[in-house]
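My entries follow in the order in which I looked.

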Amino acid sequence: MKHKEIIIFSRDLKYSLGGLEIFNENMMNQMTERNIKFHHVKSSTFSSTKKYLNYMSRLKKTISLYKKQQHPILIQYGSFLDVLSALILSKFCCKPYIICHIGSAWLHIRVYPLRKLTEHILKKYCNNVFYIADLQKKIINLPQKSIKAPTIINKNFALDGEKTNRRDFLYLGRISETKGIFDLIKAYKKIPRHLKEKNSLHIYGPGEKSIIRNMMQEIENDPFIEYKGIILDEELKKNIYYQYRILVSASIYDAFPLNVLEAAASGVIPIVSNVSEAANFVNHSNLICAPNRPEELKEKMIWALESTDQLRPHVEEMKKESRKYATGKLVLFLKSEILNCEIK
């Protein structure tokens, strides 16, 4: 049976601002541009106190949609609930395809029985599994036929932005301990004052109220650190990147953080931790640090400040490479691996 459409099972960017949701939004936008039809089932309402009922509502709607239009299903897998959904959809609809967004911090990966159950479901009840970071194959035993998929950033990052006099350090992403935000703050506080006076640290991103509150307490006595809030508009986000010299993304756990690719595509120097695919992308020992080591991170930040001119050729190479992820590589991959395979 020929298929020209895909049913997408994923959380909605409107209700969550995580990397998975941004990834999915970027993917759907580029699918639209390439005339690949899709159905993204959304919940009619959302409440954080009823998130499980919301999830079940979306699952039921997906099953109903499949019974009317039997298209392949693609799951954005970012939680154990998504694994259970794959099992349910395989029973009531078809074996779904899955894109992995998980990292080693996820509870169901750390708890042995849940990890083994996850591995069993992915192997027996999924059509195929796509991973975006090599480390995902190390933390979980993915099916042998699983394939590495390219990640995706917004198409806006394929073009140059407005030229500005770059300065300052930037953090742009989810505010959480696992993203290394508190290590970054500790590291920045150790930087000599004469450097901080010319290079502030600006923080953007969403987070739980308790984490934001703790962060504000950490930075309240440092005049050179400022929390700037949440960025929702992609064009505005791109313009913000073009104002900064260095992005710091020193995650404790991660897969392939999109902010690193977005920053690199904008000509920003990225400093990353060695726990994610970002380290392979950056590929420069002086821009890669171990997590939970603020002193080491401080040294990397100072070195990057003092070596901006030296780094220009490497920054240009990263810019060129990162912009490939804004040109539809993922969409073409999915078309080949799902639609073309389904046609056979």
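Which residues in H2 are buried? I noted that this is a predicted model, in which local features need pLDDT of at least 70, side-chain atom pairs count only at pLDDT 80 or more, and totals for chains, interfaces and linings use all residues. Residues are numbered from 1 along each chain as its sequence is written, and side-chain values use heavy atoms, with hydrogens and water left out.

Entry on H2. I found Asn54, Tyr55, Arg58, Leu59, Thr62, Ile63, Leu65 and Tyr66 buried in H2 (under 20% relative accessible area, 1.4 Å probe, protein chains only). These buried residues pack against strands E1 (5-9), E2 (37-40) and E3 (73-77) and helix H3 (80-92), with helices (H or I, at least four residues) and strands (E, at least two) taken as DSSP runs numbered from the N terminus.

Entry on H7 and H9. Helix H7 (residues 181-189) packs with helix H9 (residues 209-219) at an angle of about 5°, their axes 11 Å apart, where axes are lines fitted to C-alpha atoms over the stretch in contact and angles run from 0 to 180 degrees between N-to-C directions. I therefore recorded H7 and H9 as roughly parallel to each other (angles under 35 degrees). Ile181, Phe182, Ile185 and Lys189 of H7 make the contact with Ile211, Asn214, Met215, Glu218 and Ile219 of H9 (heavy atoms within 4.5 Å).

Entry on H7 and H13. With helix H13 (residues 294-306), H7 packs at an angle of about 65°, the axes being 8 Å apart. Here Asp183, Leu184, Lys186, Ala187 and Tyr188 in H7 meet Pro294, Leu297, Lys298 and Met301 in H13.

Key
Parallel < 35°, antiparallel > 145°, perpendicular 65-115°, else oblique. Buried < 20%, exposed > 50% of the residue type's maximum accessible area, 1.4 Å probe, protein only.
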